[in-house]
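Q: I have a chain open on my screen and would like to go through it piece by piece. Can you help me read it?

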Amino acid sequence: MAVSVRSLSYAHKPNTETPALDDISFDLPRGSRTVIVGPNGAGKSTLLQILAGKRLVNGADIRIMGRDVFRDSPPGVTFLGTEWAMNPVVRGDIVVSHFLDSVGGYRHKERRDQLLDILDVDLDWHMHNISDGERRRVQLVFGLMVPYDVLLLDEVTVDLDVLVRDDLLRFLKRDSEERGATILYATHIFDGLNHFPTHIAHMSFGRLVTPPSAWPIPADSPLNAQFGSSTLYAVALQWLKEDREYRRELERQGRKLRGARRDQVTAVPSDSETFYRKYDYSH
């Protein structure tokens, strides 16, 4: 197996009643492409960060290409997350061509050039003068130009326009099929994604509600009775609706309420109202 996880639980704070991850186990074969579906706060990013070895856990067995991610760190693992574009180092006054050369782009020129074309990156851009979306494109060139065995993608395509994203997904799919690379992709954008994954998974409240399951849905899958030949977008939308209803049911049972507090006494200003009255110079 390319990825194997057993009994993974994780909490951002000790003794919390709602862990970020709750007893997760799954396997992914080499060459698979798994799309992880789940609402914000489901634990998708935390899971990918742990697989990348960025968060230490105890009591779980987590292996990539047969090697323990903490005690025998496997090579060939690439993690691309949203925090990269916010790093002050990559927002400095450095030319893109110099930046890519400084991280070894000249050693992977063929793949680098393919990605430069796919992502419409200008080698003369200055990193501090480009938009967040353009900076994200540079990140993808930087992260994908070195061949990987396992790729962990966390929402990094959200800033791409649809044509660039579709071209990138075709590149990743070909990479997976030709080199046997394994991809885990957490995203909230499902349009045009129907033909990309080999597996789909559903996470909610730190739990793996539906472990990685074959996509398109085969006739003998437990998902077939509910979804049949539905598109990935339709499946994701139904799962997210179920997640929202489950959360609202928990709120009816006493969980902290999200949204507006309509039972709040209006005569007493909220903290935000007090703040804005104090700094309101319009009168």
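A: One term to begin with: a residue counts as buried when its relative accessible area is under 20%. Also keep in mind that this is a predicted model.

Q: What does T210 touch?
A: Leaving out neighbours within four places in sequence, T210 is in contact with A201, H202, L223 and W239.

Q: What about S204, which strand is that in?
A: S204 belongs to strand β9, residues 199–204. S204 is buried, with a relative accessible area of 2%.

Q: And which residues is S204 in contact with?
A: Setting aside neighbours within four places in sequence, the contacts of S204 are A42, V209 and D243.

Q: How far is S204 from V37?
A: In sequence they are 167 residues apart, and in space S204 and V37 are 8.5 Å apart, taken from C-alpha to C-alpha.

Q: What share of the chain's contacts join residues at least 24 apart?
A: That share is 67%, counted among contacts between residues at least 6 apart in sequence.

Q: Switching to the whole chain. How many helices and strands?
A: There are eight helices and ten strands.

Q: How much of the chain is buried?
A: Of the 283 residues, 44% are buried. The chain exposes about 15400 Å², and carbon and sulfur atoms supply 49% of that area.

Q: What box do the C-alpha atoms fill?
A: Roughly 65 × 60 × 40 Å, along the principal axes.

Q: And the charges, how many of each?
A: The chain has 36 positive and 39 negative charges, and the mean positions of the two sets are 4 Å apart.

Q: Now the sheet with β1 in it. What order do the strands have?
A: The order is β2-β1-β4-β5, in an open sheet of four strands with antiparallel pairing. The edge strands are β2 (21–28) and β5 (67–68), each of which pairs on one side only.

Q: How many bridges join β1 to β4?
A: Four bridges join β1 (residues 3–10) to β4 (residues 61–64), and the two strands run antiparallel. R6 stands opposite D61 in β4.

Q: Next, L184. Where is it, and what does it touch?
A: L184 is in strand β8, residues 182–186, and is buried at a relative accessible area of 1%. Not counting residues up to four places away in sequence, L184 touches V3, L28, T34, I36, L48, L51, L151, L152 and L153.

Q: How far apart are L184 and M127?
A: Their C-alpha atoms are separated by 28 Å, and the two residues are 57 apart along the chain.

Q: Last one, T78. Buried or exposed, and why?
A: Its relative accessibility is 15%, and buried means under 20%, so T78 counts as buried. T78 is part of strand β6, residues 77–80.

Q: And which residues does T78 contact?
A: Apart from neighbours within four places in sequence, T78 is in contact with G143, Y148, V150, L151 and L152.

Methods: Residues numbered from 1 in each chain as written. Predicted model: local features only at pLDDT ≥ 70, side-chain atom pairs only at ≥ 80, totals over all residues. Heavy atoms only, no water. Buried < 20%, exposed > 50% of the residue type's maximum accessible area, 1.4 Å probe, protein only. Contact = heavy atoms within 4.5 Å. Areas by Shrake-Rupley, 256 points an atom, 1.4 Å probe, with all protein chains shown as cover. Lys, Arg positive; Asp, Glu negative; His and termini not counted. Charge placed at Lys NZ, Arg CZ, Asp CG, Glu CD. Pairing = 2+ DSSP bridges.
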